[in-house]
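Me: I have a model open and want to go through a few of its parts. Can you take my questions as they come?
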Amino acid sequence: MRDNPLLALAATGRRRTRPALAVVIAIAAILLGEIIAAIVFLITGQPADPAWKTLTQLVVGFAPITLLIWAWVRFYEGRGFRTLGFTRPAAATRSARGLLAGVVSFALVTVLLVAPGLTVTENVPQGAAAIGPALLILVGWIVQGSTEEIVTRGFLLPVVGARYGAAAGVAVSSLLFAALHLLNPGISALSLVNLVLVGVLLGLYALWEGALWGVCLWHAAWNWAQGNVFGFEVSGQNTGLPAVVDLKENGPDVVTGGIFGPEGGLATTLVLVLGIAVIGLGLRRASRPGRPA
């Protein structure tokens with residue numbers, strides 16, 4: 001699978017980043033990006049309105065990281081932003097498919113929690129009143145989700161994969177993705193396993209499409225549905241905004257995820273394993289001789 005379009009993009013510059021250095025660059029970009037965001041907030045402050053405040057935190061908190069990764073790729077490797085997985089063919093179709101898949105994936109998790117009575121309605125459902133703020137925050141989730149995908153699946157996976165193979169790229173990027181959440185509230189062994197599984201799922205998805213459009217929108221839609229539609233914590237973080245439905249976990253933490261949110265429970269594990277099986281089958285079929293990678 002070394003000829004996969006996503007992996008091939010990492011070899012289009014005048015200079016290549018060694019895999020070990022790529023890990024260092026990814027971590028450095030995240031840390032420096034957070035420092036830049038803190039400085040911006042210190043100078044400008046944050047909006048008083050809760051929805052705009054959350055949107056600002058997501059955009060300002062993550063956009064600098066994307067810019068730093070792009071700067072490295074552009075000025076050190078000598079390749080363009082599109083080589084991070086944003087090639088033009090079928091961009092709109094892939095984005096729409098990723099958005100739908102992310103919402104459906106988390107809806108399946110919710111069904112597994114609601115059906116046996118493992119959730120309760122925390123507050124009076126906001127319904128239509130929460131739709132406007134939720135749609136506004138979706139923009140922020142797109143920036144946040146895309147940034148994490150650019151770092152892990154757009155930069156790290158192809159750099160490692162082009163040198164050591166796709167499996168190594170998926171493994172390294174998935175482990176880094178999980179490690180980025182180590183300081184989140186309520187982190188547990190099972191939530192770390194699930195975060196690795198998310199990384200594997202999205203790594204395979206990116207390889208299957210040969211691009212990043214789908215995984216960026218899947219990631220954004222998953223977080224958005226989790227926090228702003230159903231009202232759960234997102235990797236231990238509360239959005240601080242009323243959700244359209246506003247559910248709360250009410251059962252064993254090993255199933256519901258407890259204070260980390262559903263991403264820390266077995267309901268999510270089941271959906272992720274199913275997703276990996278489906279995408280893995282699609283990738284295997286696409287990689288057969290005579291078929292496009």
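Reply: Start with helix H2, residues 19–44, in this predicted model. H2 has 26 residues and spans 37 Å from first C-alpha to last, close to the 38 Å expected at 1.5 Å a residue.

Me: Which residues of H2 are buried?
Reply: Pro 19, Ala 22, Ile 25, Ala 26, Ala 29, Ile 30, Gly 33, Ala 37 and Phe 41. An α-helix has 3.6 residues a turn, so residues three or four places apart point the same way.

Me: What covers the buried residues of H2?
Reply: The cover includes helix H3 (50–77), H5 and helix H6 (166–179).

Me: And what follows H2?
Reply: Gly 45, with a positive phi near 75 degrees.

Me: Switching to Arg 153. Where is Arg 153 found?
Reply: In helix H5.

Me: Buried or exposed, that Arg 153?
Reply: Arg 153 counts as buried because its relative accessible area is 0%, and the cut-off is under 20%.

Me: What is Arg 153 in contact with, leaving aside neighbours within four places in sequence?
Reply: The contacts include Leu 6, Glu 148, Ser 173, Phe 177, Gly 199 and Leu 212.

Me: Which side chain makes a polar contact with the side chain of Arg 153?
Reply: That of Thr 152, at 3.3 Å.

Me: Last topic, the largest nonpolar core. Which members touch the most others?
Reply: Ile 69, Phe 155, Leu 207 and Leu 212, out of 68 residues. Helix H5, residues 131–164, gives the most to this core, with 11 residues.

Notes: Residues are numbered from 1 along each chain as its sequence is written. This is a predicted model: local features need pLDDT of at least 70, side-chain atom pairs count only at pLDDT 80 or more; totals for chains, interfaces and linings use all residues. Side-chain values use heavy atoms; hydrogens and water are left out. A nonpolar core is a set of buried Ala, Val, Leu, Ile, Met, Phe, Trp, Tyr and Cys residues joined through side-chain atoms within 4.5 Å. Buried means under 20% relative accessible area, exposed over 50%, partly exposed in between (1.4 Å probe, protein chains only). Helices (H or I, at least four residues) and strands (E, at least two) are DSSP runs, numbered from the N terminus. The expected span of a helix is 1.5 Å times one less than its number of residues. Contact means heavy atoms within 4.5 Å. A polar contact is a pair of N or O atoms within 3.5 Å; within protein, one must be able to donate a hydrogen and the other to accept it, and residues adjacent in sequence count only if both atoms are side-chain atoms.
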